[in-house]
Each structure stands twice: as C-alpha cells, then as structure tokens.
Amino acid sequence: MQIIASTVSLTIDDIAASQAFFTTHLGYTVQAAADGFVSLTRTDAVDVVLLARGTQVLPPEQRDQHAAGLILAFTLATGLRDQEKLLRDAGVEITMPLREEPWGERLFQVTDPNGVIIQFVEWATPDNA
C-alpha cells in the first residue's frame, strides 16, 4: 500500500462558516467546491473535506451525523505560543488555554463555528526526563 495523501472529512451544518475559519485562521486554501461540499488543502497538513449534513452523497446512515467527539490536532515544530497569540489577536476564542503536560506536550485548542475542535501541539522535553 502506498498512501499519497490523507484527508479528514467532516459533516457539518454551515460549510461557509468553517471554510472561512479554515482559510482565514489556519492557512487552508480551497481545492474544490460544489453544492454541499468543499475540499481544503495545505501542503504541510492533512486535507479537510467539509460536507453539508443531509447531503445525498453520503450513505443514509451517515447523512445526519455531525462531526462531534473529534479533535483535529496539528503538531507544530516551534512557535506554539506565537500561534496562540496570533489566533487570539485575530479574535479567535481559545477554548482550552495553552498548557503543558508533565510528559512534555504543550497544547491549546480552538473551536470552529461548527464545533470542530482544533488542537495545536508542540513537544518539549519534560523536566523529569
């Protein structure tokens, strides 16, 4: 098996709102769009497909589901604090403030207009390593 790309598909209510959030605050660009669908891409991250709830392209048992219980996590090489400040200064609500776990994970979370949780992570050497 040779995987050449990865995509996460999120079924949501308001595609335009999430599209604006991802393109404005997360640096995604629109790769393709149609009624009830938009494909977003970055060269350095997983692609994101946004599907409108109820769309007929999904199997009947999936049409009315909503992206929930999912955390879309992005690991940064450096600059986590700077990224949090940039998002905060842009008016994005930080829904989980920056913190550092004992095992060396620094992280914070934001939530897009459709309730999709986006987590930013940076790894550090824990003090007790």
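How much space lies in the largest pocket? About 210 Å³, where a pocket is an open set of 1 Å grid points over the protein atoms alone with protein on both sides within 12 Å along at least five of seven lines, and a volume is the space filled by probe spheres set on the points. This is a predicted model, in which local features need pLDDT of at least 70, side-chain atom pairs count only at pLDDT 80 or more, and totals for chains, interfaces and linings use all residues. Residues are numbered from 1 along each chain as its sequence is written, and side-chain values use heavy atoms, without hydrogens and water.

Select the pocket lining (residues with an atom within 4 Å of a point), which includes His-25, Tyr-28, Arg-42, Phe-74 and Gln-83.

Next, select helix 2, residues 80-89 (helices are DSSP runs of H or I, at least four residues; strands are E, at least two). Leu-80, Glu-84 and Leu-87 are its buried residues (buried is under 20% relative accessible area, exposed over 50%, with a 1.4 Å probe and protein chains only). The face turned away carries the exposed Arg-81, Asp-82, Leu-86 and Asp-89. Just after helix 2, Gly-91 has a positive phi of about 90 degrees.

Key
On a 1 Å grid over the protein atoms alone, a cavity is a set of points where a 1.4 Å probe fits but cannot get out, and a pocket is an open set with protein on both sides within 12 Å along at least five of seven lines; lining residues have an atom within 4 Å of a point.
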